[in-house]
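Welcome, and please take a moment to look over the model below. The notes after it move from terms to the whole fold, and then to some local detail.

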Amino acid sequence: STNKISTYPIQCIVEKLTTPQEQIIIVNALQDKVVTLSLNMYGTHVLERVMTTFDYRLLSSVSQSILANFIYLANNPNGLCAVKQEIILEKNRTNFDNLKQIISANSLLLIQNPYGNYALQAVADNWDIKDAEMIMSTFLGKLVLLSLQKYSSNVIEKCLEKSVLFLQSFIKEIFSNSMSTLPILLKNNYGQYVIQTVIKCL
């Protein structure tokens with residue numbers, strides 16, 4: 001799975017395994033190797049294929065490994081692939097509340113990371129709005145600072161597009177302290193795009 005040539009036939013084999021008995025063999029084989037595969041540029045695609053094609057009820061051990069190493073994987077370019085799949089798939093499973101707590105507790109770390117910010121964008125794109133807004137609420141009080149930064153500004157724009165409640169909170173926060181906040185955003189390379197997104201959403 002971690003070889004640039006053999007990863008492709010392994011992915012094809014995974015797609016052909018349709019019975020629970022077959023899938024359990026693979027899941028058991030992966031049990032102690034989820035993190036290793038996630039961090040490998042070829043192995044992560046095998047793991048992603050397993051997560052998207054296997055019966056989700058058989059993937060509990062895979063999910064547990066990803067959740068146990070969530071922040072480490074989310075801040076890695078290869079590990080991010082497994083994390084995004086976990087975000088998409090977990091909303092229908094038993095570990096969803098645990099996942100929400102992990103992301104919520106580490107949202108400010110993720111939003112400012114060049115890879116972790118994509119995990120938060122996956123939340124905004126794939127979760128029900130009430131669950132996504134729980135994560136978005138952790139940015140309140142820091143919206144100006146986050147709008148001025150390269151990676152976090154992308155997440156702020158995504159949140160503005162997805163949530164009317166977040167849009168309202170953003171406008172209140174920008175104008176609550178001083179009118180000088182708006183010019184700061186408008187003169188910033190990233191902040192100006194955030195304001196453009198606000199105008200589009202309005």
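Contact here means heavy atoms within 4.5 Å. Helices (H or I, at least four residues) and strands (E, at least two) are DSSP runs, numbered from the N terminus. This is a predicted model, in which local features need pLDDT of at least 70 and side-chain atom pairs count only at pLDDT 80 or more, while totals for chains, interfaces and linings use all residues. Residues are numbered from 1 along each chain as its sequence is written, and side-chain values use heavy atoms, with hydrogens and water left out.

Let us start with the fold as a whole. The protein has 16 helices and zero strands, and its C-alpha atoms fill a box of roughly 65 × 30 × 25 Å along the principal axes. Of its 202 residues, 44% count as buried (under 20% relative accessible area, with exposed over 50% and partly exposed in between; 1.4 Å probe, protein chains only). Among the contacts in the protein with a separation of 6 or more, 71% come from residues 24 or more positions apart.

Next comes helix H10, which is largely enclosed by the rest of the structure, because eight of its 11 residues are buried. The buried ones are Gly-116, Asn-117, Ala-119, Leu-120, Gln-121, Ala-122, Val-123 and Ala-124. What covers them includes H6, H7, H8, H9, H11 and H13.

| Helix covering H10 | Residues |
|---|---|
| H6 | 70–74 |
| H7 | 79–90 |
| H8 | 96–105 |
| H9 | 107–111 |

A cavity is a set of points on a 1 Å grid over the protein atoms alone where a 1.4 Å probe fits but cannot get out, and lining residues have an atom within 4 Å of a point. How many cavities of 30 Å³ or more does a search of the whole structure find? There is one, and about 40 Å³ of space lies in the largest cavity, a volume being the space filled by probe spheres set on the points. Its lining consists of Leu-120, Val-123, Ala-124, Ala-132, Ile-135, Met-136, Phe-139, Val-155 and Cys-159. At least two lining residues each come from H10 (116–126), H11 (129–136) and H13 (150–162).

Finally, is Ser-147 buried or exposed? Ser-147, found in helix H12 (residues 143–147), is buried, with a relative accessible area of 0%. Leaving aside neighbours within four places in sequence, Ser-147 is in contact with Ser-153, Ile-156, Phe-170, Leu-185, Asn-188, Tyr-190, Gly-191 and Val-194.

Terms used: 1 Å grid on protein atoms, 1.4 Å probe; cavity = no way out; pocket = protein on both sides within 12 Å on 5 of 7 lines; lining within 4 Å.
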